[in-house]
Amino acid sequence: MDHEAEHLPEYKRMHHLTYRRNLRVVTVVWGLLSACFVILNAVAFIQPQWLGDTETSPGVGFFGLYEYCERLQVGGEYSCRGDFMDFASLTNDSFRAASMLVGVCNLVFIFSVVCLLLFCFLKAATVLKICGVLQAIGCVCMALGCIIYPNGWDDEMVQRTCGKDADKYRVGQCQVRWAFILAIVLIFNALAMAVLAFVLAAKQANLLQKAEYRKQRSSFTNGGFTDIRPINEKPVIDETAMVDNSSQQGDDIRL
C-alpha cells in the first residue's frame, strides 16, 4: 500500500489507490505506443513508397525519401538507386532535407524510449517531461519532412516517371502512396503522445504535491503540536465530573 494513503479515510484511500493504478496503466500504454511509433517511423523512412506511378504515367517507378526505383524495360526488373549514407546519390535537396528530418524524428523517439529507463532513477513527472519535449521535437521534424518532400517533385527523375506536368506539390500523373500517408498519420500520433506525456507529468506532479502535503499535515498533527478539530465541533463535556463537582458543592453548603 502506498505510504501517502495510510492516513486517509477508507473510501478516500481506495479512490487514491485506484487513481494511481489507472495513472500507471496509462503511462505504460503511452510507453508502448512510443515504441510502436519508432517501428512505424522506421518503416516509413525505409520504404520507397512515398510517390509512385499509375496506369497513365509515362514511366514506371516509385520514390521514397532517399531511394527511387524505376523499370526501364517492359517486364524488366526494377532498378533502385539512392543511399541515405551517400547524400550525393539523392535526387534533389528537398529529398535530402526530408530524409534528414524524418531520420532525426526517428532518432529522437528512440532516445525518448531509452529515457524510460530513467523511471528507475528520477521522479516520474521529470521523466515524462523529458520524453514529452523529445516527442514534441520529433513531431515538428516529421511535419517539416512531410511538408518539404513534395517540394522536390519538379525533379527530372520524378518528371520522367510522373510526366512533365509534375511540379512542386503537384504529383502529375503519379499518386501518393502508403508510406507518405503513414508519415502524415504519424505526425498526429507524435503530437498526441507528446501532449499525453505532458498531461501525465502534470498529474504525477499534482499527486506528489498532495502526498507531501498529507505527510506534513500528518506529522504535524501526530507530533502533539496542535489538536485539529472541525470548526463547528463542540468540546466534549465530561458529565461524570460535573455531577461529582455538584455533589461536592452541595456538601460544602450544608457544612
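Buried means under 20% relative accessible area, exposed over 50%, and partly exposed in between (1.4 Å probe, protein chains only). The model is predicted: local features need pLDDT of at least 70, side-chain atom pairs count only at pLDDT 80 or more, and totals for chains, interfaces and linings use all residues. Residues are numbered from 1 along each chain as its sequence is written, and side-chain values use heavy atoms, with hydrogens and water left out.

**Exercise 1. Classify Cys115 and Cys120 as buried or exposed.**

Step 1. Cys120 has 67% relative accessibility and counts as exposed.

Step 2. Cys115, at 6% relative accessibility, counts as buried.

Step 3. The closest cysteine sulfur to that of Cys115 belongs to Cys131, 5.1 Å away, which is too far for a bond.

**Exercise 2. Find the disulfides and describe each one.**

Step 1. Apply the cut-off: a disulfide is a pair of cysteine sulfur atoms within 2.5 Å. The count by this rule is 2 disulfides.

Step 2. In the pair Cys69 and Cys80, the sulfur atoms are 1.9 Å apart. The torsion about this S-S bond is about 110°, so the disulfide is right-handed. Cys69 belongs to strand β3 (residues 68-70) and Cys80 to strand β4 (residues 79-81), so the bond ties together parts 11 residues apart in sequence. Strands (E, at least two residues) and helices (H or I, at least four) are DSSP runs, numbered from the N terminus. Cys69 is buried at 2% relative accessibility, whereas Cys80 is partly exposed at 39%.

Step 3. Cys162 and Cys174 also form a disulfide, with 1.9 Å between the sulfur atoms. Its S-S torsion is -95°, and the link is left-handed. Cys162 is buried with a relative accessible area of 0%, and Cys174 is buried at 7%.

Step 4. With the bonded cysteines numbered in sequence order, the pairing reads 1-2, 3-4.

**Exercise 3. Describe the aromatic pairs Phe63 with Tyr68 and Trp153 with Phe180.**

Step 1. Rings of Phe, Tyr and Trp (its six-membered ring) pair if their centres lie within 6.5 Å; planes under 30 degrees apart count as stacked, over 60 as edge-to-face and the rest as tilted. The whole structure holds 12 aromatic pairs.

Step 2. Phe63 and Tyr68 are stacked, at 6.1 Å centre to centre and 25° between the planes. Both Phe63 and Tyr68 are buried.

Step 3. Trp153 and Phe180 are edge-to-face, at 6.3 Å centre to centre and 90° between the planes. Trp153 lies in the loop between α3 (124-148) and α4 (156-162) and Phe180 in helix α5 (residues 178-222), so this pair ties together parts 27 residues apart in sequence.
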